[in-house]
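Here are some notes to read alongside the model. Please keep it open on your screen as you go through the points.

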Amino acid sequence: MLKDFAYLSKSDRVIFICLMLVALAVLALILLFGGSSETASPVANDSSAVKDSAMLRRAGLAEAGVAHGERFRFDPNTADSTQLRRLGLSQWQIRNIYKYRAAGGVYSKPSDFARLWGLTKKQYRELAPYIRIADDYLPAADFYGNEPHRRSLQRSDGDGLPATPAFAHQEKLRPGQQIDLNRADTTELKKVPGIGSYFARQIVQYRQRLGGYSATGQLMEIRNFPEDAMAYLTASSAEVHKININKASLAELRDHPYINFYQARDIVEYRRLRGAIHSLQQLGALKTFPPAAIKRLEPYITY
């Protein structure tokens with residue numbers, strides 16, 4: 001064969017050599033890539049399998065909504081989405097809670113929460129000790145069911161008509177009387193003309209989020225709040241809970257109704273780059289802190 005190769009012309013020899021090189025290159029590629037998956041290290045395959053199964057387990061847990069969250073007291077009738085998420089509930093479970101409440105559903109006892117679709121036995125056992133149902137959501141029979149029936153007085157004209165039942169009405173404040181927004185509970189708030197159970201709950205819930213009312217005007221931030229009721233209310237600024245702006249974390253800052261995510265991020269970044277904050281006016285140069293935002297936040301900040 002070598003002798004025959006010697007008798008080939010120069011151009012034929014070049015073509016033959018090129019074909020041989022191409023064949024060798026194709027063979028090398030087949031050996032390199034075709035056998036790599038079969039000859040891969042068992043250890044690498046095992047490691048990959050472990051990672052894949054761990055990812056699947058995490059995905060399954062997240063999908064099932066069994067992530068372990070924080071543990072704190074909460075009322076399922078009033079807890080917002082942020083609190084429910086912190087408890088470890090999934091987004092679709094939180095949506096079901098909101099739909100249930102929007103349809104008029106009420107959790108009157110802790111065991112009612114166990115009916116939440118998708119809630120596991122383990123989750124409920126962990127959350128049950130922290131469920132607190134406010135008095136407004138407890139069955140009325142627990143408070144009034146055993147009271148003796150009240151009878152009204154007979155008519156003064158003595159016409160012999162049967163007595164009509166007397167109903168107790170909620171005592172309301174008289175003009176000039178006031179109650180403190182930061183100390184009153186829902187029962188006291190319902191004494192204010194124009195305020196019933198709904199607005200009493202809204203006042204208390206917003207007070208918890210704010211850390212206390214610094215002025216009665218903040219009530220107008222509650223949707224459709226009756227303005228006439230403000231004449232019966234006052235706010236003691238001494239009861240306001242303040243946030244240490246130099247120590248609070250991003251999450252703690254973000255939880256306040258007057259601080260959005262971008263403002264909380266800018267505060268943390270400002271501290272990192274420039275050190276401690278001694279006045280909110282230092283943040284005035286930032287686009288996220290216009291004068292109005294600084295003014296309403298001042299009562300809630302300490303340094």
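1. A definition to begin with: buried means under 20% relative accessible area, exposed means over 50%, and partly exposed is in between, using a 1.4 Å probe and protein chains only. By that scale Glu126 is partly exposed, with a relative accessible area of 26%. Arg71 is partly exposed too, at 25%.

2. Some ground rules. This is a predicted model, in which local features need pLDDT of at least 70 and side-chain atom pairs count only at pLDDT 80 or more, while totals for chains, interfaces and linings use all residues. Residues are numbered from 1 along each chain as its sequence is written, and side-chain values use heavy atoms, with hydrogens and water left out.

3. The overall picture. The chain has 12 helices and four strands; these are DSSP runs numbered from the N terminus, with helices being H or I of at least four residues and strands E of at least two. Of the 303 residues in the chain, 28% are buried. The accessible surface comes to about 20,800 Å², and carbon and sulfur atoms hold 57% of that. Such areas come from the Shrake-Rupley method with a 1.4 Å probe, and for residues only the protein chains shown count as cover.

4. How far do contacts reach along the sequence? Taking contact to mean heavy atoms within 4.5 Å, and looking at pairs at least 6 apart in sequence, 51% join residues at least 24 apart.

5. Back to Arg71 and Glu126. Their side chains meet in a salt bridge at 2.8 Å, N to O. Arg71 sits in the loop between helix H3 (42-64) and H4, and Glu126 is in helix H6 (residues 121-127), so the pair ties together parts that are 55 residues apart in sequence. The rule for a salt bridge is a side-chain nitrogen of Lys or Arg within 4 Å of a carboxyl oxygen of Asp or Glu, and by this rule the count comes to eight.

6. Another one to look at is Asp136 with Lys190, where the closest N and O atoms are 4.0 Å apart. Lys190 counts as buried at 18% relative accessibility, whereas Asp136 is partly exposed at 29%.

7. Then there is Asp266, in a salt bridge with Arg265, with 3.8 Å between the closest N and O atoms. Is each partner buried or partly exposed? Asp266 is buried at 16% relative accessibility, and Arg265 is partly exposed at 39%. Elsewhere, salt bridges that share partners join Lys109, Asp112 and Arg115 into one network.

8. The largest pocket has a volume of about 1,500 Å³. It is lined by 42 residues, and Asp80, Gln83, Gln205, Gln208 and Arg209 lie nearest its centre. H9 gives the largest share of the lining, 10 residues. Helix H4 (81-86), helix H9 (197-210), strand E3 (243-244) and helix H10 (250-254) each supply at least two. For the record, the search runs on a 1 Å grid over the protein atoms alone: a pocket is an open set of points where a 1.4 Å probe fits, with protein on both sides within 12 Å along at least five of seven lines, and lining residues have an atom within 4 Å of a point. Grid points are joined across faces, edges and corners, and the volume is the space filled by probe spheres set on the points.

9. Phe16 lies in helix H2 (residues 10-34) and is partly exposed at 33% relative accessibility.

10. One backbone spot to check: Asn224 has phi near 60 degrees, a positive value in a residue other than glycine. Asn224 is in the loop between H9 and strand E2 (233-234) and counts as exposed at 63% relative accessibility.
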